[in-house]
Amino acid sequence: MNHLDALEAESIYILREAFAKLDRLAILWSLGKDSNVVLWLARKAFFGHVPFPVLHVDTGKKFPEMYAFRDRYAKEWGLNFIAEPCPPIEAVDPTLPPAARSAARKTLGLKQALEKHGFEGLILGIRRDEEALRAKERYFSPRGADNSWDMKDQPPEFWNQYMTDFPPGTHVRVHPILHWTEVDIWRYTKRENIPVIDLYFARDGKRYRSLGDRDITFPVASEARTIDEIIRELETTKVPERAGRALDHETEDAFERLRAAGYM
Amino acid sequence: MTSEDRPLKIVIVGHVDHGKSTLVGRLLHDTGSLPEGKVEAIRAMSERRGMPFEWAFLLDAIQAERDQGITIDTTQIRFRTERRPYVIIDAPGHKEFLKNMVTGAANSEAALLLIDAAEGVQEQSRRHGYLLHLLGVRQVAVLVNKMDLVGYAAERFGQVAEDYRAYLAGLGVEPVAFIPVSAREGDNIVRHSPAMPWYQGPSVVETLDRFAHLPPPVDRPLRMPVQDVYKFDHRRIIAGRIESGSLAVGDEVVFSPSNKTARIRTIEAWNVPEAPERASAGQSIGVTLDEQIFIERGEVMSHLEGAPMESNVFRARIFWLGQVPLETGRQYLMKLGTTETRVTVEAIERVIDTDDLSSRPADRIPRNGAGEVVLRARRLLAVDEYESNPATGRFVLVEDYRPVGGGIISMEGYPDQRRLVTVKSTNIHAVGHAVTREARQARNGHKGGVLWFTGLSGAGKSTLALALERELFAKGYHVYVLDGDNIRSGLNANLGFSPDDRAENIRRVGEVAALFADAGFIAISAFISPYRADRERARRAAGGDFHEIWVKASLETCERRDPKGLYRKARAGEIPDFTGISSPYEPPESPELVIATDELPEEECLARLVRYVEEHFRT
Ligand SMILES: Nc1nc2c(ncn2[C@@H]2O[C@H](COP(=O)(O)OP(=O)(O)OP(=O)(O)O)[C@@H](O)[C@H]2O)c(=O)[nH]1
Ligand SMILES: [Mg+2]
């Protein structure tokens, strides 16, 4: 068993635990490279089927390529696809800096979607190596009634036993690729031939490493035009993955407050 | 080595403030693993807050962690040396966050344990050492940190190392290295430090590179706990992860504890060029079977040879994280593989003091404590001993939704109940008797039934059984005593005294007693029969005519009486598995009758028995 096989086996185990134990489960599809891998892993885990809804919380501000990608694969992969809009930006705390406000809007959209559909489990494609708070996450992360993450008192998680029962009114976030890194994602995407949006590949000396909303995500300098070139770039680069995300740079604890409030 | 190699998982443990996070920060920095601008950002943040720069801030990302200079939750981070990639798991040292230390340590393949050279070995240094052992982390290196605070003195290093070596020796753990370091100054982390020319051993990075990967246990017997059964299309797929061993298409497998068997027809997979023919430990797979047997989540698939044990009671060494202590008599949800079941703490055999490894009896295990317990479930479970199969020999206890403890299983003194419940020949049909039970009763003037005596050796079972037989015979009853003499020499001559053989002995006695009862006799059995499960089985065999009679005397009394000198031999270690001494006696929970032979004179005991029979058996 090589490294990618081991990563895949662990993720499949987690997805199957979530499906066996959680009644109303959904997978959050942000259309980026990570959630594409999660969807792919779900198809592996369930032998070609994705036996729960696939939710896109739509800010309305994604790149046009992303919408085209979404509509194509929702159909091709036979997904039970749900798109839910985010509330208008005016509904969100105006004292927040711009990127944080935008993220808070998405959190609110997610919260409304969860309430509307009554999901008790939500599968998300976050990874530990993205940033320092996610590095402290659990595979099964319980959330309070108001969506909140109590990062200072997380349940223990060991020996492949996860917190799969929780008090009424709360829900759980499931993170099946928590243990993957950015370069793992690309190696696997290549091995499995998973479709990705072209924005990840360099054009005019720039490419997106991470895809968020159009107005708060910026491309980084790069000449990588293929997955192989991306992998080579990542093996040597010292630029952090989320460098192009305005959100991470506004204030020191902006991200902590957002995550505590339910941001992914 | 290629960059696709599997990373080795290393946990960093030790007492609060001994420098774990600093070490990790330093390792990341000195091996060039940090992203651009990271150190500058932390420096700027420290200045802004008017705090000295700390390497630990690279890991301690929660505001409260930075404010208090303490790690609250465990962090996992990837880094690589020239040799290979690693997952470094930084664990908190404060005892308040032991649950998070366990979360970090439980999945590691090796550990670095840090001890502050100035403070020396502290409470959590020892507790973490103990937990590593219990969690099965066998590769350990000890780092004596903050050598800069003790003037890089070899003597101080020697003292601290010796102190801790002695503690680990008590656990049977031999660390691969003791290394003097200064995490903050970077001494002996990547390179050898000129400040400690007296130290010739490996640096931290060299030590990491010497740890070995733990290969998946492909050589152990097959275990695949069933996660789910899918029926998305025409296929009925049994899904799960192979925890140990391997399998191939065509293999005959058994599911425990239901004991159903079938053959593997296919191994299913999606998006692969051709269907796999075999699979092994570590893989998450799905199989279809040649027969449509009913299987559920929670069963364990294995080969027929080397199947797991089955039992509803077992021993475990546990660690406890719950706010409320673990107590005798309490119930918890147990998660074992993919099974969930309620278990009762039947006994706490000892509590272990992780400071000096001494143990004492107690009826509770406090938060962050450890001990040995006996747990009982309401139904049979497929279990492995941790020593023979770690992945399926350990479990988690849950209370109020939260994991509160973990344990590793030992079956010492308890039998495998599998063959006792398995009906080997399946083509047997019950034969109706020409003479009815009522006809026999009418002729005999009494009902048939089983008087099942149970109790410690020396409690008085045989004496009372024989006296009762004489009395009842004189009163015209059809009565017969089954005891060691007439059973062991014939019917059960092929059985010894191992837990398995003893269980089989009792099973046969139960069946024979049931036949006697059916023939209209009062069968009196006089065996210790220490296990509740065995007596329950005898009760089922007898149908309704079963009377459990606890011939009760304290262990002290029995040992004092010691009519056959057996206790003396058992104490001397000459008899293994002796009930009450080296093997458990499970008292009846609701016996039909209790005869306390250490409280009543023998005539009174006998009189009560005779009265009981007259009341229950005369027609
Ligand atoms: N002088 C000196 N101080 C050190 C050294 N290593 C760590 N420290 C200091 O010790 C303090 C605690 O270090 P941490 O790395 O936070 O300790 P920790 O073991 O991670 O603590 P917890 O995670 O809270 O248990 C910090 O102020 C460090 O700067 C060292 O080698 N020498
Ligand atoms: Mg720390």
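**Labels and the values behind them**

Tutor: Start where the two chains meet: in this predicted model, Asp153(A) and Arg402(B) join their side chains in a salt bridge, with N to O at 3.4 Å.

Student: Why is the pair Asp153(A) and Arg402(B) called a salt bridge?

Tutor: The rule asks for a side-chain nitrogen of Lys or Arg within 4 Å of a carboxyl oxygen of Asp or Glu. Arg402(B) and Asp153(A) are 3.4 Å apart, N to O, so the pair meets the rule.

Student: How many salt bridges does the rule find across the interface of chain A and chain B?

Tutor: It finds 8 across that interface. Polar contacts between chain A and chain B come to 29 residue pairs, both residues at pLDDT 80 or more. On the side of chain A that touches chain B, α1 (3–21), α2 and α5 (182–192) of chain A each supply at least two residues. The most comes from α1(A), with 13 residues. By class, that side of chain A has 30 nonpolar, 10 polar and 21 charged residues.

Student: What makes up the contact between the chains, and how much area is buried there?

Tutor: Chain A gives 61 residues to the contact and chain B gives 74. The buried area between chain A and chain B is about 5,700 Å², and carbon and sulfur atoms give 55% of it.

Student: Which domains does the assignment give for chain A?

Tutor: Domain 1 of chain A covers 3–180 + 250–260, and domain 2 covers 197–249. Their C-alpha centres lie 22 Å apart. The contact between these domains takes 24 residues from domain 1 of chain A and 17 residues from domain 2 of chain A.

Student: How do you know that Glu241(A) and Arg127(A) form a salt bridge?

Tutor: Their side chains are 2.4 Å apart, N to O. Across the interface of domain 1 of chain A and domain 2 of chain A, the rule finds 2 salt bridges. The count of residue pairs in polar contact between these domains is 4, both residues at pLDDT 80 or more. On the side of domain 1 of chain A that touches domain 2 of chain A, α2 (33–45), α3 (64–76), α4 (98–117) and α7 (254–260) of chain A each give two or more residues. The largest share, 4 residues, is from α4(A). That side of domain 1 of chain A has 9 nonpolar, 5 polar and 10 charged residues. About 1,900 Å² is buried between domain 1 of chain A and domain 2 of chain A, with 55% from carbon and sulfur atoms.

Student: What surrounds ligand 1?

Tutor: There are 21 residues around ligand 1, and the closest are Lys20(B), Thr22(B), Glu54(B), Thr71(B) and Asp148(B).

Student: What makes the pair of Thr71(B) and ligand 1 a polar contact?

Tutor: A polar side-chain atom of Thr71(B) is 2.7 Å from an oxygen atom of ligand 1. A polar contact needs N or O atoms within 3.5 Å, so this pair counts. Polar backbone atoms also take part: one of Ala183(B) is 2.9 Å from an oxygen atom of ligand 1, and one of Arg184(B) is 3.2 Å from an oxygen atom of ligand 1.

Student: Where in chain B do Arg376(B) and Glu346(B) lie?

Tutor: These two form a salt bridge, their closest N and O atoms being 2.7 Å apart. Arg376(B) is in strand β21 (residues 370–383) and Glu346(B) in strand β18 (residues 339–352) of chain B, so the pair links distant parts of the chain, 30 residues apart. Over all chains, the structure holds 66 salt bridges.

Student: What is the phi of Ser529(B)?

Tutor: Phi of Ser529(B) is near 35°, a positive value in a residue other than glycine. Most residues other than glycine have a negative phi. Ser529(B) is in the loop between β26 (522–526) and α13 (532–541) of chain B.

Key: Residues are numbered from 1 along each chain as its sequence is written. Chains are lettered from A and ligands numbered from 1 in the order in which they are written. This is a predicted model: local features need pLDDT of at least 70, side-chain atom pairs count only at pLDDT 80 or more; totals for chains, interfaces and linings use all residues. Side-chain values use heavy atoms; hydrogens and water are left out. Domain bounds come from an automatic or database domain assignment. Contact means heavy atoms within 4.5 Å. Buried area is the accessible area (1.4 Å probe) that two parts lose on being put together, summed over both. A polar contact is a pair of N or O atoms within 3.5 Å; within protein, one must be able to donate a hydrogen and the other to accept it, and residues adjacent in sequence count only if both atoms are side-chain atoms. Ala, Val, Leu, Ile, Met, Phe, Trp, Tyr, Cys and Pro count as nonpolar, Asp, Glu, Lys and Arg as charged, and the others, Gly among them, as polar. A residue is near a molecule or strand if one of its heavy atoms lies within 4 Å of it.
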